Structures are given as C-alpha cells and as structure tokens.
Amino acid sequence: MSLNRSEKEAVITDVTSLAAKAQTLVMAEYRGITVADMTKLRSAARSNGVTLSVLKNTLARRAVAGSAFEIVSDQMTGPLIYGFSVDAVAAAKVVAEFSKTNDKLVIRGGAFGGKVLDVNGVKQLASIPSKEVLLAQLLGLMQSPISRTARVLAALATQKGAGSTEPAIEAAPEVAAEVAPA
C-alpha cells in the first residue's frame, strides 16, 4: 500500500529526527527473513535502544539528506532495514549478532562519525565492548595500583607483626588501623 504525500512527509520527519539524534546507522538486507525472525530482531533492537525501520529507499535518502548519514545514501538500494542508535555500538551489535544466527540478514554497511562503514567496519564496531563494560574496565585499572599498595602494606605489617606482639607500624598508626585485620 502506497503512502500519500502527508504520510510520506511524516515518515521523513520521523526518520530525520532519528538521524539527528543517532551516532550510528547500520543498513542490512532482510530479503527472505520470516516474520517471527523479524519480530525477534525488533525485540532485541528495542531492548538495546536501537530503532529499526523498514523504509522506501527514496524516503530514507530524503530523510538523511543534510545529516552525517548522507554519505551512505548511494548505498540505499534494495530491501533494507535501517538501524539507528544513539549509543555508538548498539545498532552494529544488534544487527551483527542477529546476522550470526540468521544468514538471511546480510549486513550491507553503515555510517559512524561521518565515515562510511563497510561490512567489516560494522563488524569491528560491533566487537567493541559496551559503554558499561569499558567504564568497568577503566575503574578496574584505576583501582589496581591502590589495591596492590594495600596488599603490600598488609603483607609488610603481617611480616613485621609476626616477630613482636606490638602493632607492626608504629610510625603511622592511621595506616596500621586501615591495614590491620578487624
């Protein structure tokens, strides 16, 4: 069923607002995917903050005109599903994970940071850990020197404390209080 002019303008407006907020666009060919599989893909996308849209390519080209995703408008041919995400890696992750289990979904490309991504670029973007994982890794790296120092001081205190009944560190009682077992 074709859309009338006002419906097309509404679709273009919606997709333009998506493109303005998004960091990443991933395009994939969905020819031959069953409705049940498409429902699973949409559910996974929704839970990860990705907006998936099946659009006429002419409407998609008009919607991304003037945005950072205009650089991929020449690749917008064939039956495509467009994945927009505010998170830099979410759209790539969702589409790449689904394409591993369903060979009917073929990644065609995408755009991130004003650059065109080919299939390998989308897969590399998908392999980057999520923001939460990266923050946890950074926090672990920042805590590592402090925890190592605390372990060394605790071992030193235990070692010196084995020879006497007095607390091992007399010069710095606040450190001994932190290191001494409760």
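**Salt bridges, sheet and surface of a predicted model**

A salt bridge (a side-chain nitrogen of Lys or Arg within 4 Å of a carboxyl oxygen of Asp or Glu) joins D37 to K40, with 4.0 Å between the closest N and O atoms. The model is predicted, so local features need pLDDT of at least 70 and side-chain atom pairs count only at pLDDT 80 or more, while totals for chains, interfaces and linings use all residues. Residues are numbered from 1 along each chain as its sequence is written, and side-chain values use heavy atoms, with hydrogens and water left out.

Both D37 and K40 belong to helix α2 (residues 35-47), where they are 3 residues apart, about one turn of the helix. Helices (H or I, at least four residues) and strands (E, at least two) are DSSP runs, numbered from the N terminus. K40 is exposed, at a relative accessible area of 54%. For this term, buried means under 20% relative accessible area, exposed over 50%, and partly exposed in between (1.4 Å probe, protein chains only).

The structure holds 5 salt bridges. One of them pairs E29 with R108, whose closest N and O atoms are 3.1 Å apart. This pair links distant parts of the chain, since E29 is in strand β1 and R108 in strand β4, 79 residues apart. E29 counts as buried at 18% relative accessibility, whereas R108 counts as partly exposed at 28%. A network of salt bridges links E29, R31 and R108. In helix α4, K100 and E97 are 3 residues apart, about one turn of the helix, and their side chains meet in a salt bridge (3.3 Å, N to O). K100 is exposed, with 64% relative accessibility, and E97 is partly exposed, with 47%.

The protein has 7 helices and 5 strands, which follow the pattern α-β-α-β-α-β-α-β-β-α-α-α along the sequence. The 5 strands form an open sheet with antiparallel pairing, in the order β2-β3-β1-β4-β5. Strands β2 (50-54) and β5 (115-117) are the edges, each pairing on one side only. Two strands pair if DSSP finds at least two bridges between them. From one strand to the next, the twist averages 20 degrees. Helix α4 (residues 90-101) packs on the sheet, touching β1 (24-29), β2, β3 and β4 (106-112), and its direction makes about 20 degrees with that of β1. Axes are lines fitted to C-alpha atoms, for helices over the stretch in contact, with angles from 0 to 180 degrees between N-to-C directions.

Strand β3 (residues 80-85) runs antiparallel to β2 and is joined to it by 5 bridges; V50 stands opposite S85. Between β1 and β3 there are 6 bridges, also in the antiparallel sense, and V26 stands opposite G83. Because 6 of the 6 residues of β3 are buried, this strand is largely enclosed by the rest of the structure. L80, Y82 and F84 point one way from β3, and I81, G83 and S85 the other way. In strand β2, S53 is buried at a relative accessible area of 13%. Neighbours within four places in sequence aside, S53 is in contact (heavy atoms within 4.5 Å) with L18, L80, I81 and Y82.

Of the 182 residues of the protein, 31% count as buried. Residue L138 lies in helix α6 (residues 131-161) and is partly exposed, at 45% relative accessibility.
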